[in-house]
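User: I'd like to learn how to read a ligand shell and a nonpolar core. Can you walk me through it with an example?

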Amino acid sequence: MNLLIYGPPGSGKGTQAELLHQAFDIPHISTGDILRGEVGAGTELGLKAQPIMAAGGYVPDDIMIGIIRNRLQQGDSAKGFVIDGFPRTIPQAEALDSLLNKELGRRFDRAIYLNVETPELVRRLAGRMTCPADQKTYPPGTERCPLDGARLIQREDDKPEAVKKRIEVYLEKTLPLLDYYQRQGLVSEVDGVGTILEIHKRVLAALGQSAEVAES
Ligand code: AP5
Ligand code: MG
């Protein structure tokens with residue numbers, strides 16, 4: 001299953017993509033996580049991306065397209081994938097179509113759009129906690145990572161000014177992609193407000209899968 005999970009910052013893309021990874025045993029490809037890995041490792045790319053991300057802006061398209069091309073060519077995505085955080089601009093979407101259709105002979109099965117209004121996004125991001133080791137995110141109030149026990153931190157771009165900027169940039173550059181994928185008949189809109197499990201079940205239903213997959 002080749003999936004794209006799409007939505008504004010804080011809509012739950014990472015949370016739901018992780019559940020799809022577990023349900024279908026397909027890799028969760030998050031460009032935000034890849035970039036944070038580069039920042040953490042202090043690579044040339046990481047040094048370039050860090051100030052852009054901290055301010056809530058977008059890393060240039062050519063860099064992002066190179067990242068996704070490398071990632072999709074790795075063997076683990078041969079049986080499917082769930083991409084979270086890419087594409088974010090029309091040039092990225094066109095490059096991904098060309099990469100999938102022409103170079104890899106693949107196509108998307110569905111683009112899941114998680115619809116959440118701005119006040120709820122701000123509320124979620126302001127309190128979100130992130131594991132410094134694997135970047136997984138946890139709801140407000142969680143102090144330690146349930147997987148490795150590490151003390152959770154606040155992401156630099158979850159500070160109020162950066163959150164405001166991220167939402168503005170999303171509305172300007174990324175929201176137009178909804179129309180781009182709707183014209184291809186690929187979008188399933190899912191109400192992103194409710195419990196994490198409720199939303200997972202809505203996502204599975206949009207994919208034509210029964211909820212038993214989630215609970216097995
Ligand atoms: P990225 O890491 O992709 O950030 P984002 O799109 O801003 O999205 P988030 O990760 O903040 O939110 P999410 O939708 O994953 O929500 P989550 O599941 O964590 O990108 C970061 C930066 O990298 C970008 O700003 C940009 O600089 C750069 N970048 C990345 N890709 C790029 C690209 N393609 N082009 C250019 N630049 C790029 O959930 C949020 C919180 O809510 C969590 O605390 C979670 O526990 C909680 N939560 C989840 N579900 C629920 C629920 N149902 N109810 C209540 N709380 C919930
Ligand atoms: Mg995320």
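User: Which helices and strands each supply at least two residues of the shell around ligand 1?

Analyst: Start by asking which elements the lining residues belong to. In this predicted model, α1 (13-24), α2 (31-41), α6 (118-127), β6 (137-138) and α9 (196-206) each supply at least two shell residues. Helix α2 gives the most, with four.

User: Which residues around ligand 1 come nearest?

Analyst: The shell has 34 residues, and T15, G57, R88, R128 and R166 come nearest. Next, look at backbone polar atoms. An oxygen atom of ligand 1 sits 2.5 Å from a polar backbone atom of G57. For K13, a polar backbone atom is 2.9 Å from a ligand 1 oxygen, and a backbone N or O atom of G10 is also 2.9 Å from an oxygen atom of ligand 1.

User: How much of ligand 1 does the protein bury?

Analyst: Taken alone, ligand 1 exposes 1000 Å², and the protein buries 95% of that.

User: Okay, on to the core. What tends to happen to nonpolar side chains in soluble globular proteins?

Analyst: They tend to be buried together. Here the largest nonpolar core has 31 residues, and L35, L72, I83, L96, F108 and Y181 touch the most other members. As for where the residues come from, β1 (2-6), α3 (44-55), α4 (61-72), β3 (81-84), α5, β4 and α8 each supply at least two. Helix α4 gives the most to this core, with six residues. Apart from it lies another core of 14 residues, including I5, A17, F24 and L204.

User: Which residues is F108 in contact with, leaving aside neighbours within four places in sequence?

Analyst: Those are N2, L3, L4, F81, I83, L96, L100, Y181 and L186. F108 itself is buried, with a relative accessible area of 5%.

User: Is Y181 buried or exposed?

Analyst: Buried, with a relative accessible area of 2%. Y180 and Y181 also pair: their ring centres are 5.1 Å apart and their planes at 85°, so that pair is edge-to-face too. Y180 is buried as well. Together, F81, F108, Y180 and Y181 form one aromatic cluster.

Technical notes
Residues numbered from 1 in each chain as written. Chains lettered and ligands numbered in written order. Predicted model: local features only at pLDDT ≥ 70, side-chain atom pairs only at ≥ 80, totals over all residues. Heavy atoms only, no water. Buried < 20%, exposed > 50% of the residue type's maximum accessible area, 1.4 Å probe, protein only. Phe/Tyr/Trp six-rings, centres within 6.5 Å; stacked < 30°, edge-to-face > 60°. Core = buried A, V, L, I, M, F, W, Y, C linked by side-chain atoms within 4.5 Å. Contact = heavy atoms within 4.5 Å. Near = heavy atom within 4 Å. Polar contact = N/O pair within 3.5 Å; in protein donor to acceptor, adjacent residues only side chain to side chain. Areas by Shrake-Rupley, 256 points an atom, 1.4 Å probe, with all protein chains shown as cover.
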